[in-house]
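The following report describes selected features of the structure shown below.

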Amino acid sequence: MRKIGLIALAAGLCLGPLAALAATQIYDARTKKWVDYDKRKARQYFARNKQVPEAFRRQVVPFRTAEPPGTIIIDGNQHFLYLVQPGGQAIRYGIGVGREGFGWAGIVRIGRTAEWPTWTPPPEMVARDPNAAKWAAGMPGGPDNPLGARALYLYEGENDTIYRIHGTVEPWTIGLDVSSGCIRMNNDDIIDLHSRVKIGAKVIVLMQGAALYKGV
Amino acid sequence: MLATTVALAAEAADLVIAMPNWPSGQATANILKLSIAKKFGLDAEVRELGTINAFVGLDKGEVDIQPEVWRPNFEDLIKKYVTDKGAVVLSGRAVPAWQGLCATPEAVAAGLKTIADLSDPAKTAVLDTDGDGRGEVWIGAPTWLSTGIERVRANSYGYAANVTLVETEEEVAMAAVDAAVATARPMVFYCYAPHHVFELHKLTRIEEPVHDPAKWKIVPADDPLWITKSSAATAWGTAHFHIAYAAAFGKKHPDIAKFLEQVDFSPEEVTAMSYAVEVERQTPPDYAKEWVDGNAARIDGWAKP
């Protein structure tokens, strides 16, 4: 966890353009197989079905854990976020993550939340992108705001890690690794999650991005 | 006011049982308290104490019983207080403990069964979680002594060359096991028993050559280069934990000392304690009451003169 600050600085603010999209796979719960999933397939699927593939839709799944109900577990590798429920179950949501994953693993907490949050583009984005420059002082919340309908701000102790779990205006990106380090969810899902979480809730980010730990 | 209450409680108690900060130790401390009250009519105070402070208390006559003393972890304390000073007695019985590597069912199905399998990059590639083509293996929390030894073992066996060794908090690793099992993904990780993870999930221990002290050369960890200087290409040696009691207490209450010598928890029972406290979130006193109510004959047997 001591690594968060460093990595956050290295990564810059976590909401960048959706430029490069790396190949990923999705888990098909029915066949228990992993199938290739990329930007093209994601757009096609979304255009055809008006929703993301079944694996990434909000659903209750069996989930045995020692963590108490209310804990959030983020598995960036598989593009799932679990909200632990009583009785060996969890609500599983599909997520989009950064191209390099979260870049760290560890335990944080929900420090605060916001409805229709303001988005402030990072300075380097303002410098290269006139569209972002327009919002250098902060883009008010709304349907076009890239943070989407809700944001959950991840804190380490009393400090904002600058990582957020937030909504998106580009729902087809759920299940993909896009060039930003935050966790994005469909607006319906982030509204649902926001309604269920408590401030202070424990958030466990799994070890995807383990390359970070090489040579420790 | 608080101090007065505590002082009164301490005065009122006939004996003091130290309680460690891990779940099976907490459950055992409370089971001993209730069993001793039931069979010998004595009132015990359960007091939160780390192992080192518990030994100091046992020596000074301020603590009477310590429910779980781990070996070889606390060998230095045992030498000082048990062997040299004779102030503390270790119960002759011990619960065997174990540590090594575990595999989820899908890891076993992918051919990861023995420690030699881990040195095969084609097999460990399935453990990749970050897309670099190399598998990851969690080897423990950064603060544990065992984590460094797992790194030594990975170097000595050779699989450090083809897997990424991950160090992070135990809770993160256990949540990763939960997520891997929930989605039928393979995972290999450091594990130890008794532990509630074996109750949560069906896990297989990775097979290794039996412990050989001749092949287990661990340089003391106060040497900054201890990991590179050490080698260990066999399984860990078996660990144990014992109940300990003050020698003076044993003299004063030979019947209770005899009772403590008879307590024979199995590793499965210790795992169940850990599960009840950690997963089911029962309080140690509640769990202990249920255990004592449900195991009357067993406790009678321990207390038989």
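What is the strand order of the open sheet of 9 strands in chain A? The order is 4-7-6-5-14-9-10-11-13, and the pairing is mixed. Strands, of at least two residues (E), and helices, of at least four (H or I), are DSSP runs numbered from the N terminus; two strands pair if DSSP finds at least two bridges between them.

This is a predicted model, in which local features need pLDDT of at least 70 and side-chain atom pairs count only at pLDDT 80 or more, whereas totals for chains, interfaces and linings use all residues. Residues are numbered from 1 along each chain as its sequence is written, chains are lettered from A and ligands numbered from 1 in the order in which they are written, and side-chain values use heavy atoms, with hydrogens and water left out.

The edges of the sheet are formed by strand 4 (59-62) and strand 13 (183-184) of chain A, each of which pairs on one side only. Strand 4 of chain A runs antiparallel to strand 7 (residues 89-94) of chain A, with 4 bridges between the two. Within strand 7 of chain A, Arg92(A) is the bridge partner of Gln59(A).

Over all chains, 21 salt bridges are found, a salt bridge being a side-chain nitrogen of Lys or Arg within 4 Å of a carboxyl oxygen of Asp or Glu. One of them joins Arg109(A) and Glu158(A) at 3.4 Å, N to O. Arg109(A) belongs to strand 9 (residues 106-115) of chain A, while Glu158(A) lies in the loop between strand 10 (150-156) and strand 11 (159-166) of chain A, 49 residues apart.

His79(A), in the loop between strand 5 (72-75) and strand 6 (80-85) of chain A, has a positive phi of about 65 degrees although it is not a glycine. In chain B, the peptide bond from Ala193(B) to Pro194(B) is cis, with omega near 0 degrees; Pro194(B) is placed in the loop between strand 8 (188-193) and helix 9 (197-200) of chain B.

Chain B comprises domain 1 (15-96 + 239-303) and domain 2 (98-232), with bounds from an automatic or database domain assignment. The table describes domain 1 and domain 2 of chain B.

| Property | Value |
|---|---|
| Distance between C-alpha centres, domain 1 and domain 2 of chain B | 31 Å |
| Area buried between domain 1 and domain 2 of chain B | about 730 Å² |

Buried area is the accessible area (1.4 Å probe) that two parts lose on being put together, summed over both. Carbon and sulfur atoms give 74% of it for this domain pair. Helix 13 (residues 267-278) of chain B gives the most to the side of domain 1 of chain B that touches domain 2 of chain B, with 6 residues.
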